[in-house]
Amino acid sequence: MEVLRAEHVSYSYQSKYQKVEAVKDVSCVFEKGKFYAIVGESGSGKSTFLSLLAGLDLPCEGTIYVDGEPLSGMDRDAYRLNRAAVVYQAFHLFPLLTAQENVMLPLEFKRMRKKEAVRQAQKLLQRVGLESRIYRQFPKMMSGGEQQRVAIARAVASGGEIILADEPTGNLDSGNEKNVVALLKELAHEDGYAVIVITHNQRVADETDHVFRMKDGSMEQIR
């Protein structure tokens, strides 16, 4: 089932020296229950396109639709809180919050009672394969793989249907890379998320259902 659609999307910005056409006339569809990769060289426009899908920026031309509704007309903060979560290479966990507290944050934003938020956070941390000893640890006490799993659990806590991941394995060793990719694939195939990953890593792209390649702002589907 379609959840995200880009129709003739373009985005440009003015650098110090020139106008940069970062995304050029991109059209594509993303469905629930599918795992996608967007690949391309640095500067190809893939991270800019992901930020457009996340509603962090709006296209200069064209439209992004979420369940048939233009994203430009939505409360984009609410969209990221409730429907589309972003996972970053650098994890972006709050350093003064424990793993459990990081995952509880979006639940508390939704005014969930603390007792229930604790229960849900622990359930999600268990779901991403973390032992109970991790729940009360701060990010600096965790490995990179553990931090990324917490970040994914926090994304799932939003209760949405879209996970947008920007180089989620970029800071991980090969063992943790495999574990995180397996988890993202599971969230797509078993939990029904549309999971969209930006990656330079061909091993990650090989694990996805569909692959798009961006070059000089343009996109083509290669699988």
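Helices (H or I, at least four residues) and strands (E, at least two) are DSSP runs, numbered from the N terminus. Strand β9 in this predicted model contains Met-214.

## Basis of the values

The model is predicted: local features need pLDDT of at least 70, side-chain atom pairs count only at pLDDT 80 or more, and totals for chains, interfaces and linings use all residues. Residues are numbered from 1 along each chain as its sequence is written, and side-chain values use heavy atoms, with hydrogens and water left out.

Contact means heavy atoms within 4.5 Å. With neighbours within four places in sequence left aside, Met-214 is in contact with Val-26, Ile-38, Val-39, Gly-40, Glu-41, Ser-44, Gly-45, Lys-46, Phe-49 and Met-219. Phe-49 is 165 residues from Met-214 along the chain, and their C-alpha atoms are separated by 9.5 Å.

## Aromatic cluster

A pair of aromatic rings is described by the distance of the centres and the angle of the planes. Rings of Phe, Tyr and Trp (its six-membered ring) pair if their centres lie within 6.5 Å; planes under 30 degrees apart count as stacked, over 60 as edge-to-face and the rest as tilted. The whole structure has 3 aromatic pairs by this search. One of them joins Phe-30 and Tyr-36 in an edge-to-face arrangement, 4.9 Å centre to centre with 90 degrees between the planes. Phe-30 is buried at 0% relative accessibility, and Tyr-36 is buried with a relative accessible area of 3%.

Tyr-36 also pairs with Phe-212, in a stacked arrangement with 6.3 Å centre to centre and 25 degrees between the planes. Tyr-36 is in strand β3 (residues 35-39) and Phe-212 in strand β9 (residues 210-215), so this pair ties together parts that are 176 residues apart in sequence. Tyr-36 and Phe-212 are both buried. Phe-30, Tyr-36 and Phe-212 are linked into a cluster by ring pairs.

Of the 11 residues of helix α3 (residues 99-109), 8 are buried, so the helix is largely enclosed by the rest of the structure. The buried residues in α3 are Ala-99, Gln-100, Asn-102, Val-103, Met-104, Leu-105, Pro-106 and Leu-107. Their cover includes α2 (76-82), α4 (114-127) and α5. Just after α3, Arg-111 has a positive phi of about 65 degrees.

Two packed helices are described by the angle between their axes and the distance between the axes. Axes are lines fitted to C-alpha atoms, for helices over the stretch in contact, and angles run from 0 to 180 degrees between N-to-C directions. For α3 and α4 the angle is about 120 degrees and the axes are 8 Å apart. The two helices are therefore oblique to each other (angles under 35 degrees count as roughly parallel, over 145 as roughly antiparallel, 65 to 115 as roughly perpendicular and the rest as oblique). Ala-99, Gln-100, Val-103, Met-104, Leu-107 and Glu-108 of α3 meet Lys-114, Ala-117, Val-118, Gln-120, Ala-121, Gln-122, Leu-124 and Leu-125 of α4. This contact of α3 with α4 comprises 9 nonpolar, 3 polar and 2 charged residues (Ala, Val, Leu, Ile, Met, Phe, Trp, Tyr, Cys and Pro count as nonpolar, Asp, Glu, Lys and Arg as charged, and the others, Gly among them, as polar).

## Helices α5 and α6

Helix α5 (residues 144-157) packs on helix α6 (residues 174-189) at an angle of about 15 degrees, with the axes 10 Å apart. The pair α5 and α6 is therefore roughly parallel. From α5 the contact uses Gly-145, Gln-148, Arg-149, Ile-152 and Val-156, and from α6 Asn-176, Asn-179, Val-180, Leu-183, Leu-184 and Leu-187. The residues of this contact of α5 with α6 divide into 6 nonpolar, 4 polar and 1 charged.

## Loop residues and positive phi

Glu-167 lies in the loop between β7 (162-166) and α6 and is buried at 11% relative accessibility. Beyond its neighbours within four places in sequence, Glu-167 is in contact with Lys-46, Gln-89, Ile-198, Thr-199 and His-200.

Asp-25, found in strand β2 (residues 19-31), has a positive phi near 50 degrees. Asp-67 also has a positive phi near 50 degrees; Asp-67 lies in the loop between β4 (61-66) and β5 (69-70) and is partly exposed at 39% relative accessibility.

Key
Buried means under 20% relative accessible area, exposed over 50%, partly exposed in between (1.4 Å probe, protein chains only).
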